[in-house]
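Subject: Structure handover

Hi,

Here is the structure we talked about. Please look it over, then read my notes below.

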Amino acid sequence: MGKLLDQVNSPADVKRLSVPQLTDLAEEIRNFILNSVSKTGGHLASNLGVVELTLALHCVFDFKTDKLLWDVGHQCYAHKIITGRKDKFTNLRHADGISGFPNPAESEYDLFAVGHAGTSIATAIGMAIGQIHQKQDNKIVAVIGDASIVNGTSFEALNNLGLVKRQMLIVLNDNSMAIDATVGAMAKYFSKVRLSQTYEDLRKTTNNILEHMPVIGKSVEEAIERIKRSIRMTLPASQMFESLRIPYFGPVDGHDIGSLIQLFEALADLNHPAILHVYTKKGKGFQPADQGPTRFHSTGPFKINGDAIEPTSTPGIRTFTKSFGEHLTELAAKDKRIIAITSAMCDGTGLMNFRKKFPERFYDVGIAEGTAVDVAAGMARNGLKPYVCIYSTFLQRSFDQIFQEVALQNLPVVFCIDRAGFVGPDGPTHHGLMDIGFLRMMPNMVLTAPANDTEMKLAQEFALRHEGPVVIRYPKDIVPPKPFIKSSCSRPFKLGQCVTVKSSKNSRLAIISYGSILTEALKAASLLAEQKIPVDVINARFAAPVDKKIISLLKKGKGIITVEDHTIACGFGSAVLELAAANKCPLNAIRLLGAPRTIIGHDCRESQLLQVGINADTIVKTAGEMLAK
Ligand SMILES: Cc1ncc(C[n+]2csc(CCOP(=O)(O)OP(=O)(O)O)c2C)c(N)n1
């Protein structure tokens with residue numbers, strides 16, 4: 001830790017420092033973040049970029065009472081460090097450690113447990129209205145990135161900014177990046193403005209704003225007019241916001257801490273909402289992150305070697321994401337109708353090679369999951385075969401589009417749901433524990449889950465053949481090794497048909513698994529075999545429709561245990577239970593294993609699965625209990 005950072009334990013300690021000291025502190029914090037994240041993993045590039053911004057905000061506002069809302073929240077590390085949590089960074093995102101996102105359970109300085117883009121402006125509006133009703137006058141600040149402010153929810157909020165008749169500052173943190181380069185018309189506009197600005201221009205803008213603020217006795221519009229007249233930009237960044245009648249200031253340098261403090265002081269006194277546009281550098285101060293912000297958006301642990309990182313010696317592990325991307329690229333080579341769509345997650349969803357190989361068949365719509373689904377619906381209506389690749393947690397955003405434009409029309413859109421199930425260190429905002437529930441209730445929707453690499457290919461091929469919507473869900477995990485890939489898994493997927501993976505003579509129980517958790521079912525079967533308890537293992541493959549063969553086991557007097565990496569409520573097991581009830585099967589012979597409807601905190605994925613009992617030992621225990629009856 002650095003000399004200054006050693007003495008900083010609260011925002012009050014930051015407020016005491018001079019601007020040169022704050023500049024030094026910013027460097028110390030950046031080093032601290034870099035060293036911590038290199039050991040624990042976490043979001044790096046965005047955090048390195050907002051250190052000065054965070055310090056300046058804390059110098060001017062008092063966020064014990066003033067309200068600070070981070071959009072997405074992945075850039076809150078400096079905020080956590082100076083609000084008394086720096087000692088907890090050794091356990092960042094680990095069990096018993098702090099979250100990588102804001103979390104009100106951790107600190108009074110965090111207002112919402114966030115993780116999804118585009119929520120900060122609307123919640124800030126709500127808090128501002130709350131303040132008015134409660135006759136309070138605390139300041140409100142929302143910090144949002146240039147990729148998140150063009151999200152639909154952000155625009156809906158901007159459209160409603162007129163509801164706020166008091167101070168509310170939106171800090172637009174523009175680093176011209178999402179995880180990957182930003183996409184779309186707004187991004188192009190922002191980047192044109194950025195290119196038209198020299199460092200000198202930014203400085204002039206700052207001076208002009210400061211010169212014309214505060215606006216005692218004058219309207220903010222007048223002040224903005226005077227600022228604009230004295231800057232004379234060739235390409236005004238303000239155009240877009242001004243057309244919405246939102247007072248806009250900037251762009252200014254987001255690393256000039258002294259100026260930022262003065263700007264925040266001036267803008268804090270406005271009596272209505274305003275936007276301050278700041279330019280920052282994603283990955284600032286660490287060459288590899290500066291040069292490769294996508295790689296360092298979110299990272300696992302790595303070794304720093306001076307200004308570089310040491311190459312990892314671990315051989316490339318094969319994840320479901322990788323398996324998905326490779327198989328889709330192979331399939332696309334055989335069928336020209338295949339299109340891949342992502343919403344700002346090309347790398348995360350394993351589509352980098354697809355993009356390289358088929359650039360004309362790859363579409364990134366930015367952080368716009370609902371739009372991704374409707375674009376896919378349009379493509380499918382026009383004879384294409386879109387594979388929409390979105391993490392389970394973010395797909396929640398497009399529930400209505402999936403129903404209205406896809407399920408209702410029975411269009412052949414393929415939903416490729418990565419990060420389905422527990423996601424480990426990102427924690428509760430990012431778990432993918434609800435997709436089976438919200439998708440299987442829709443008409444026409446076919447739900448599949450490959451158990452391994454072989455089945456990933458087969459599921460994609462099935463989806464290509466099928467003439468309606470298909471869901472393929474898979475976890476943030478490595479694919480199971482060969483011994484867990486049984487011969488029955490190489491049979492082509494047939495609509496609503498399960499495969500028996502292990503059948504045991506005289507078995508009184510069957511373990512029915514959905515998706516990659518088959519590995520645990522097979523481990524459990526081996527453990528039970530050691531205890532001379534024969535069981536069958538069935539790989540369900542489909543959660544909608546569920547194979548009637550599964551419930552026919554009940555009629556034969558067998559008990560069944562369902563297991564899935566999803567909440568029990570509305571999940572695969574519930575689908576089995578519904579089918580069994582409708583067919584008058586004995587329901588007390590069914591046990592469901594899955595996640596409870598509680599919040600499971602950040603931790604490694606294995607521990608999360610263990611914690612809720614989605615593992616071989618719990619299956620064995622459950623089997624023992626059922627057979628003892
Ligand atoms: C609804 C939603 N979709 C996707 C994501 C994944 N995601 C996390 S951060 C990020 C990029 C955000 O870019 P920006 O707002 O510009 O912030 P920066 O990382 O550049 O600071 C994305 C796409 C998300 N958090 N929420």
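The shell around the ligand divides into 10 nonpolar, eight polar and four charged residues. Here Ala, Val, Leu, Ile, Met, Phe, Trp, Tyr, Cys and Pro count as nonpolar, Asp, Glu, Lys and Arg as charged, and the others, Gly among them, as polar. The ligand is surrounded by 22 residues, each with a heavy atom within 4 Å of it. Ser-46, His-74, Ser-148, Met-177 and Glu-369 are the closest.

This is a predicted model: local features need pLDDT of at least 70, side-chain atom pairs count only at pLDDT 80 or more, and totals for chains, interfaces and linings use all residues. Residues are numbered from 1 along each chain as its sequence is written, and side-chain values use heavy atoms, with hydrogens and water left out.

Now the polar contacts (pairs of N or O atoms within 3.5 Å). A polar side-chain atom of Glu-369 sits 2.7 Å from a ligand nitrogen. Lys-282 places a polar side-chain atom 2.9 Å from a ligand oxygen. In Asn-175, a side-chain N or O atom is 2.9 Å from an oxygen of the ligand. Taken alone, the ligand exposes 590 Å². The protein buries 98% of that, by the Shrake-Rupley method with a 1.4 Å probe.

Next, the cysteines. How many disulfides are there? The count is zero, taking a disulfide as two cysteine sulfur atoms within 2.5 Å. For Cys-389, the nearest cysteine sulfur is that of Cys-416, 4.3 Å away.

Best wishes

Conventions: Polar contact = N/O pair within 3.5 Å; in protein donor to acceptor, adjacent residues only side chain to side chain.
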